[in-house]
Every structure is written in structure tokens, then in C-alpha cells.
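Work through the exercises below with the sequence and the model in view. Try each task before you read its solution.

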Amino acid sequence: MRITDLLDERSIDLNARPKSKNEALDQAVELMAKSGKVKDKDAYKKLVYAREEESTTGVGEGIAIPHGKGACVSKPGLAAMVINDGVEFQALDDEPVDLLFLIAAPDTKDNVHLDVLSKLSMMLMDEDFRDKLKNAKSPKEFLKVIDEADEERASVDESLKAESTSSGIKIVAVTSCPTGIAHTYMAAEGLEKAAKKAGVVIKVETRGSSGAKNVLSDADIEDADCVIVAADAKVPMGRFKGKKLIQRKVADGINKADELIEMAIAGDASVFNGSSEESEKEEAEKKGGAHNVYTWLMAGVSHMLPLVVGGGILVALAFLVDTIAGYGASGSGNFGSITPLAALLKYVGGLAMGLMVPVLAGYIAYAIADRPGLAVGFVGGLLAANGNAALSGFVFSDGATISLDGKALGAFSKFLADLGFQHDGGGATVSGFLGGIVAGFLAGFIVLGLQKLCSKMPAALDGIKPMLIYPLVGMFCIAVLMIFIFNPLIGWFNTELSEMLTQLGKSNALWALGLVLGAMMAIDMGGPINKAAYVFGSGMLAQAAGSSDPNFQKIAYISMAAVMVGGMCPPVGIALANLIFPKKFTKAERGTTITNFIMGASFITEGAIPFAAADPGRVIPCTLVGSGVAGLLVAVFECTLMAPHGGLFVVATIGNPLLYLVAWAVGSVITAVMLGILKKNVEE
């Protein structure tokens, strides 16, 4: 394929006069549309503008190479404009642009056209070639100039090969940009020309859309006096450990190539110690499965953390607003949403916190299977957070009889209705954040399996894999696993827990009831076990309101007090551990200290979730013991609570409040000390 195969005469304007950058882009898109290479002009225009928002495509020397790549492009194509008097384009050298090539690339793996576009990008670094293009009198002459230069110019692969030599300074380089179409190869060309002018040998690896070319071997790197990385996209860095390295933006490879080469020759570069994020990722891959699992898990946790912090504080502010308004002693189940402002804050905070489990699952899957895993992980997380649908909400459920239009369902339909839905009185099917972790890993490996199964499909179908096959089949698979296996399994477990708590309440074993309720609140921090304890406590509270039995009321109010103190201990215990044992936590974790104090005081246990998800084997036992002891002490002290939520903001409804605070403090300190003993120091 030649460059002129991508450029139609109808898409060339030699007398363009746009007054602004946006006008230039709009005119170029119109030229592209004339060639019939794009199926949806508006969608393509959005892609071009979106790419421009990442960084300017005005690369300097009067050149701009905007581009858009997506499903709206039917065939690879070019549009060209010679702009009389130039136009301000926010170019990297702040000079006006007078020569613009717009690229349209389809979103397929058929990348023959990318080599052609890359070759054009390198050719544009030649000043004589640019002058001939700008002086062309007609589109035909413009095409002829390109064709002649294309004929004379070596292929991209040949251009990138370094001349062999046995003496002198040797430099290796890597260039890469996010889209990998133009800037990658222009930077490579710039570095090669600067090296040639300086009389040194260079080998440049390009990492573009068509893959890595002219890849540096271990011997190349070993022999090199200096490494130059001019990239705006991720580059494997671990291989350069121990070498002098210059790391810059890809734009510097285009506009400051002489400066980079001079620095490399002078030895003005520090030795790379391999501590970059990419190097750490490579090292993690070498460490094997256990470390990979931890890395994938942390990817989910890090994306979930802002939702926990932001949403949790908004909910805490809702309680504060109602307290200031004088409703803190009401004990109302609507506390936190009684006043309009509180209701608004609680609503928004609740929505944010409702995203925690889907985001956790989605980004675990993303870490495992890259972007195709994201949608499947989100769906798995939503199923974990919401459980199976309630059967009574569908038209085919008719009381005790499962029917449709008065007719009994067939065997297969009845099987789905019996096992795939939550029945009235059948127990909860919400699996919470533990289910979200399971869903994230399942989703990631499901998508990896699909990618392997689809690897032998014809190349023509590559475009539908990430848009149709992976999400469709992946969502179906994760739905079957969560709905038919994990949600019912955890639901059964929760039902058994509720029954156990009921029996403890009936036996008047208050110390045991307080211990168990407190510990349950700290196992999965807002998940199904936590919710089972909370539902039991709030249910007892509701029954006590209509009961005239003082003994039952006492059990109910102590149960609610044990539930709340158990939920308040984990965030505060973790916050204390962050202060007392800072070396045990990462910088990001230490940054949540104040937030966790606030969330703990507000009875928002979810502040502990990121810590439990990142290190469940150590964190959960610590929070479980601390909260269990706090719940036990509340029962022994006979502290009571008449409000279902609110933490310290409903202190007016707490019986024996000073002893309640003692129980809370003791449980939190136990959690903090255990974390300090069990957790290892982190390396940042």
C-alpha cells in the first residue's frame, strides 16, 4: 500500500483559510467526509476533538497531524490542507500551522495502513518535502510529490534500523504516543536525524498502533551508553535498570531531538534504578501468582477508595445536619434524612457508596483482562451488591403458584424461577464486597478465557470481539455464576446466621449475643454478614417499640447498641493504627486517617473496606476481635441504644453513654494494636 492510496483528490485543499484551530479541524473533517472513508461524520469529529484534548497534534515546524480512530471509520484515509498564512494551533513550538494532514483509522487489527501513515509522519520531518507540498499548484501535483517521495523513501522498518559500527557512542531509544500513529514515528525520525548529525549511532524502538518495531535486544541495551525514552504511553522500563536514562515526552523527541542527543553524548543523565511504576509491574509479573492476585485486588481497591471517602463523609454530614436541627435524640429510623439538606446529602452519599462494590469488581477484572473485563466486572459487582431479583416483583409470580397468564410454567422456566430469583421469606442474596471480589476475579478470567477461545477467529471479526462477544458472553457467564451459585450460597449462610442470633436472643445470653453481633459487624464491613447483624438489631428495635415486655426491650436495645459499636470500631481502629504504626500502611492508606475517624464516629463501617480488601488475612481478624470485644463490653455494661443509625450523633439515645464510649475505645485500640503486630511494613 502506498500513501496516495489513502488520499483522495477530493480530500485535498491547497487554499484553506481557517481562522482558528477548531475551524481548521472542522474543515479537515469535511474534507475527510468527501472521500467516503467515514460512516458517521459527527462520531468521527468527536474522536478527532477528543484526541486533541489529550494533547495538541500540532507537532511543530508548521505541521499538524490530527487523527481519529474508531468504528465510525470504514476505510483508512487521509485529508490534507495547505493553510495560507498559517493558523494558531497551540503547536508544541507555538508556531502557526500551515500544513495539516488528518488521519482516519478504523478500529481493527488490520494495520497495514498504519505503516503507511507512520512512513508519511517520518517523511514530514524533511523540510524540502514539506516545501514541495506547500508549493503544489493542484491536488494532482500534491499527490505526485507524495508519490515520488514515497518511492524514494525506505520502509518504516528499514528506516528504523541502525547502522552497525564497532566504535563511538551508542544510544538506544524508545518512542511511543497514546494512539501510536504519527507522533511515535516523527519522534523516531527526529532522534535519528539528530544522531546522524552528531555522528553517533542510535537504534530506536517504536511502540505504535501496529505493535513494537525495531525492538531493542538485551545486547543493544547492554552496549548502549545512554537510553532515551520519548513517550507519552507506557513503555516496559525494567530492562533499562542500571543504565543512564533520559525520559521525556514524545513531543521532545520531535522538537528537542538535538538537545536529547547532546545530553546523551555528554553523559548528563542519571542512572535508572528501576523504580518506575512499569518496572514494578514487570517485577510483579516475575514474582508469580500470589503477587499478581494482590496487584489485581489493589487495582480494584484503589478505584473504590474515593467512593468510600466521598460518599461516607456526605452521609456523615447528613447525620450532623439532623443533629444540629435537633433530631439527634429522636431515635427515628429516618435520622439522617429528616431535614431536606440532610436528605440530599444522604441520598448523594448513598449513591456514591452504592457504587463501591461494582467499581471494586470492575477494576479487578480490568486489571486482569484489560478494558474488555471492565463491563463484565461491573455487572458482576452489581449482582453482588443487589442480590437476586425478588420473584414477587415479576408478572409470572402468582402468590405461592408460579404461573404466567394463569398457566403453570414449564420445567425450564420453573427451574429458573426457583433458583434464579429470591423468594419471599427466602433470605437475602446480597453477597456484598466479598461477593464483589469474587465477581471481579471471575469476570477477569472469564474474559481472558473468551479472548483465548476467540484468538483463532478470522481477522475480519476482530472488531466485534470487544464490542459484542466479550461483553455479551461474559455478562451471561458472570450472571449465571453469581445468581445461581454465589448469591444463593451466601444468602443461605446469612439465613443461618440470623437464626443463630435469634436463638441467642431467646436464651438471654446477652454477653454472647453482644460478642457475636459486634464481631459480625466487622467481618465484611457493610456486606451480607454485617447486614445480617444490622437487620437483626434494627428488627429487634422495631419489635421493642410495640412490646410491653421490659425484658425483651432490654435485650433489643442492648442488641442495637452492640451492633452499632461493632460497626464503629473498624474504621477508628484502622485510623489509630495509621497514626501509631505508619510504616504498616501505604501513603494512600495513611491519607484516609481523618476520614476513617469521621466515618467510625458516624457508624459507617465501610471506611474499613479498602483495608480489608487489600489485606483480608490480617485486617479482618483484627477488626473482628476488636468489634467482638466492644460488643461484649456493651452487653456486660448493659448499654442500650434506641436509634438504628447515627453513631455519636445519636448519643442522646444511648443508655450508659460513658461506658458505651469506653467499650468503643477498648475495641478500637485492640484492633489498632493487633494491626500493628500482624501487618508487615510496606515498601513504597
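A residue is called buried when its relative accessible area is under 20%, exposed when that area is over 50%, and partly exposed in between, with a 1.4 Å probe and protein chains only. The model is predicted, so local features need pLDDT of at least 70 and side-chain atom pairs count only at pLDDT 80 or more, while totals for chains, interfaces and linings use all residues. Residues are numbered from 1 along each chain as its sequence is written, and side-chain values use heavy atoms, with hydrogens and water left out.

**Exercise 1. Describe the protein chain as a whole.**

Begin with the secondary structure: the protein chain has 26 helices and 17 strands, where helices (H or I, at least four residues) and strands (E, at least two) are DSSP runs numbered from the N terminus. Next, take burial, for which 50% of the 684 residues count as buried. Finally, turn to contacts, meaning heavy atoms within 4.5 Å: among those between residues at least 6 apart in sequence, 73% join residues at least 24 apart.

**Exercise 2. Decide whether His 67 is buried or exposed, and find the partners of its side chain.**

First locate His 67, which is found in strand β4 (residues 67–70). Its relative accessible area is 2%, and because this is under 20%, His 67 is buried. Then look for polar contacts (pairs of N or O atoms within 3.5 Å; within protein, one must be able to donate a hydrogen and the other to accept it, and residues adjacent in sequence count only if both atoms are side-chain atoms). The side chain of His 67 makes such a contact with the side chain of Arg 51, at 3.2 Å. A polar atom of the His 67 side chain also lies 2.7 Å from the backbone oxygen of Ile 65.

**Exercise 3. Find which residues Ser 627 touches, leaving aside its neighbours within four places in sequence.**

Ser 627 lies in helix α25 (residues 616–637), and its relative accessibility of 0% makes it count as buried. The residues in contact with Ser 627, once those neighbours are set aside, are Gly 518, Ala 519, Ala 522, Gly 566, Cys 569, Pro 570 and Thr 671.

**Exercise 4. Compare the geometry of two aromatic pairs.**

Rings of Phe, Tyr and Trp (its six-membered ring) pair if their centres lie within 6.5 Å, and planes under 30 degrees apart count as stacked, over 60 as edge-to-face and the rest as tilted. The structure holds 7 aromatic pairs. Among them, Tyr 363 and Tyr 366 are 5.8 Å apart, centre to centre, with 65 degrees between the planes, which makes the pair edge-to-face. These two residues are 3 residues apart in helix α14 (residues 356–369), so they are separated by about one helical turn. Phe 415 and Phe 484, in turn, form a stacked pair, with 6.0 Å from centre to centre and 5 degrees between the planes. This pair links distant parts of the chain, with Phe 415 in helix α16 (residues 411–419) and Phe 484 in helix α18, 69 residues apart.
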